[in-house]
Protein chains: 2
Amino acid sequence: MNLRIPGPTPCPPEVLQAMTQQMINHRGPEFAKLLEKTTANLQSFFQTKEDVLILTTAGSGGLESAVVNTLSPGDKVLAVTVGVFGDRFAQIAEAYGADVTRLKFTMGGAADPVEVRRALAADPSVKAVLLTQNETSTGVTNDMKALCSVIKEFDKLLLVDAVSGLAAIDLPVDAWNCDVVVAGSQKSWMIPPGLAMVSVSKKAWDAAAKAKMSRFYFDYGSAKKYLERGQTPFTPAVSLFYALDAALALMEQEGLASIFARHVKMGQYTRDGVRSLGLELFADPRYASNTVTAVKVPDGVDGKALTKVMREQFGIVLAGGQASLEGKIFRIGHLGYVSTKDIDDVMSALPHALRAAGSGRAEAVKTTGS
Amino acid sequence: MNLRIPGPTPCPPEVLQAMTQQMINHRGPEFAKLLEKTTANLQSFFQTKEDVLILTTAGSGGLESAVVNTLSPGDKVLAVTVGVFGDRFAQIAEAYGADVTRLKFTMGGAADPVEVRRALAADPSVKAVLLTQNETSTGVTNDMKALCSVIKEFDKLLLVDAVSGLAAIDLPVDAWNCDVVVAGSQKSWMIPPGLAMVSVSKKAWDAAAKAKMSRFYFDYGSAKKYLERGQTPFTPAVSLFYALDAALALMEQEGLASIFARHVKMGQYTRDGVRSLGLELFADPRYASNTVTAVKVPDGVDGKALTKVMREQFGIVLAGGQASLEGKIFRIGHLGYVSTKDIDDVMSALPHALRAAGSGRAEAVKTTGS
């Protein structure tokens, strides 16, 4: 299978092999070494000198951790959203009692720094801003440099969902004053899902000291306390730490600048391929993501049938549209462990699948196997 | 290494091998099949016809999920605790605003059903009872049949921490009226940490409909909604699902009754071995756990040095004592993937290690390598 969804991404053989290592004591010296090493390596990929914590949870658990560790019920929060995952971040804050104002931008577009400045100027009581680096549902990357700079002007606490972008698309966490940045293992890190990694700035620690939202499993304070003795508060997903260690070794070898450059190239390559087939890109080209490309389903084509034919006839797994975009777009993931050959295969198969998924012809193709 | 801690337990080769399988789409048909199959298999090992949900988190996240899905801030909770993990369950409920009364029993002893009845009779406003099946910190298994029966008399909501006992020590979830039962992947299931499995009774669902504690990532309602379409709300730890599937196949082959019998035998074998060395068991023998045995560190022996010598000289990893028991006991795990040979090796090494760790002779042993 050519797994072309925006995460989980395929894992390199070194990563899969690493997971065959036997279990160890998570309170012993071997795990302490592994935790210290992976944490230090992550700091360099986060481009931060601040704390990085590794939590055993999905990316959304990481987002929850950012909210509950820094906020109190009733706190005013500005949620800047450009899609499904921006909305989710807002929902999490609401679920824990924050007073959330959504600043929603059109799906397929990016957040406008001017609008963000206006919103922050209009309401000085806002305590924190929720922001998405890379919106997986629409294939949009926000102009983080400009947005972070505006939020810095107002000295707000900045919580960033970088789950599908970090270590693929440049986000210098310290230089751009991000207070909590959340990454997810199954994305550019090329390992299976199950770990969320978060960076925590001094400002975020100050907020944590006063934050009153209920938390236990996701508490940063205990994570840091345990990290200082080479442990995690709760039993960590040991096999995923093996995988992470192996993946970070590969990433170090390649170097962060090369990784970014590779994703720029893969993004361009994918968009060029899509356009060459006469298909329309969904995202505003100025903000098109280099980890995932959203493509409009052409008129007369059944979006669901399209991904089905791609999977069943060509062994290529694409992602459909989420929420209001269901059936309207399909998405091609090109982050982490991916080659131009993988994208070539998508582009070769697409014309056939589009024909098959147009005018109800999917079944005919299935029968003849053409 | 002979990993003899009460979790993570060693994984059978089939389980480690299963994790080398490449990633799949967690919203596609392959994962749906995997989720449906593992869920159905877990139901039989939980001995329940009710819902079983699989969460990507550690066991403690599973405990948190039980609390936040069924309770509201201010709810009166009776936390029956016989050790560190009973205390943790109580702390979680407190962290989310429950009004918790602790019914604490001596470390090494079990919970007394008579005392539990007295506590419930004394305070009719108690809504839920927190109970530990098998207390990992002391090596004690509670008399769950008697305790569950008392709690049923009073018709309370019963939340059970069965993380280190389920599928090793009999706990017929439906027959004994347990409302939420939490298990952890790295215990008797013989797979790496990272998944918590929970059963949810009808009564627990009724409670969930009214429960006001803040929750998002751990919400049972969305887990169930997604399960119905063969998905999880958030990206699941796919490689651990592969591992679980492989382990459940092994467990099915062995059969639940045989698994219980094997643990009874391993528990007895371990306790006999300990006693034959003239060492003293920590737990009340009537409630000694069949998954983990706690042993008193003899006078004149340095508990920390003992586990160090066992690890460094003999390649055997034991667990120390936790909290107030640090240095006073050591613990031998014998759950999941373990053989009598593994225990024999512990018993052969112990006399040497005890001598080495007595009177500061650990260093000498280390130097000579004897």
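Start by selecting B:Asn177, which sits in the loop between β8 and β9 (180–184) of chain B; helices here are DSSP runs of H or I with at least four residues, strands are E runs of at least two, and both are numbered from the N terminus. Before going on, note that this is a predicted model, in which local features need pLDDT of at least 70, side-chain atom pairs count only at pLDDT 80 or more, and totals for chains, interfaces and linings use all residues. Residues are numbered from 1 along each chain as its sequence is written, while chains are lettered from A and ligands numbered from 1 in the order in which they are written.

Keep B:Asn177 selected and check its backbone: phi is near 60 degrees, a positive value in a residue other than glycine. For context, most residues other than glycine have a negative phi, and most peptide bonds are trans. B:Asn177 has 16 other C-beta atoms within 10 Å, so it is partly exposed. The scale behind that word: with C-beta atoms placed from the backbone, a residue is buried if 20 or more others lie within 10 Å of its own, exposed if 12 or fewer, and partly exposed in between.

Now click on B:Asp179, in the loop between β8 and β9 of chain B. Is B:Asp179 buried or exposed? It counts as buried, with 25 C-beta neighbours inside 10 Å. Leaving out residues up to four places away in sequence, B:Asp179 touches B:Leu157, B:Leu158, B:Leu159, B:Ser201, B:Lys203 and B:Ala204; contact means that C-beta atoms, placed from the backbone, lie within 7 Å. If you want a distance to draw, the C-alpha atoms of B:Asp179 and B:Val264 are separated by 26 Å, and the two residues are 85 apart along the chain.

**Helix α4 of chain B**

Next, select residues 84–95 of chain B, helix α4. Its twelve residues reach 16 Å from the first C-alpha to the last, close to the 16 Å expected at 1.5 Å a residue, where the expected span is 1.5 Å times one less than the number of residues. Colour the buried ones: B:Phe85, B:Gly86, B:Arg88, B:Phe89, B:Ala90, B:Ile92 and B:Ala93. These pack against α3 (59–70), β3 (76–81), β4 (99–104), β5 (128–132), β6 (134–135) and β8 (157–161) of chain B. After the helix comes B:Gly97, with a positive phi near 90 degrees.

**A helix pair in chain B**

Move on to α11 (residues 303–314) and α12 (residues 340–357) of chain B, which pack at an angle of about 125 degrees with their axes 9 Å apart. Axes are lines fitted to C-alpha atoms, for helices over the stretch in contact, and angles run from 0 to 180 degrees between N-to-C directions. That angle makes α11(B) oblique to α12(B); under 35 degrees counts as roughly parallel, over 145 as roughly antiparallel, 65 to 115 as roughly perpendicular, and the rest as oblique.

To see the contact, show B:Ala305, B:Leu306, B:Val309, B:Met310, B:Gln313 and B:Phe314 of α11(B), plus B:Ala349, B:Ala353, B:Leu354, B:Ala356 and B:Ala357 of α12(B). By class they are ten nonpolar, one polar and no charged; Ala, Val, Leu, Ile, Met, Phe, Trp, Tyr, Cys and Pro count as nonpolar, Asp, Glu, Lys and Arg as charged, and the others, Gly among them, as polar.

**Over to chain A**

Another pair to pick is α5 (residues 113–122) and α6 (residues 144–153) of chain A, at an angle of about 15 degrees and with axes 9 Å apart. α5(A) and α6(A) are therefore roughly parallel to each other. Here A:Pro113, A:Val116 and A:Arg117 in α5(A) meet A:Ala146, A:Leu147 and A:Val150 in α6(A).

Then try A:Met190, in the loop between β9 (180–184) and β10 (195–200) of chain A. A:Met190 is not a glycine, yet has a positive phi of about 65 degrees. It counts as buried, with 27 C-beta neighbours inside 10 Å.

**Cis bonds and the interface**

Zoom in on A:Gly7 and A:Pro8, joined by a cis peptide bond with omega about 0 degrees. B:Gly7 and B:Pro8 are also joined by a cis peptide bond, with omega about 0 degrees.

Last stop: show both chains, where 45 residues of chain A are in contact with 45 residues of chain B. On the chain A side, α3(A) gives the most, with four residues. That side divides into 24 nonpolar, 19 polar and two charged residues.

Definitions and conventions:
Contact = placed C-beta atoms within 7 Å.
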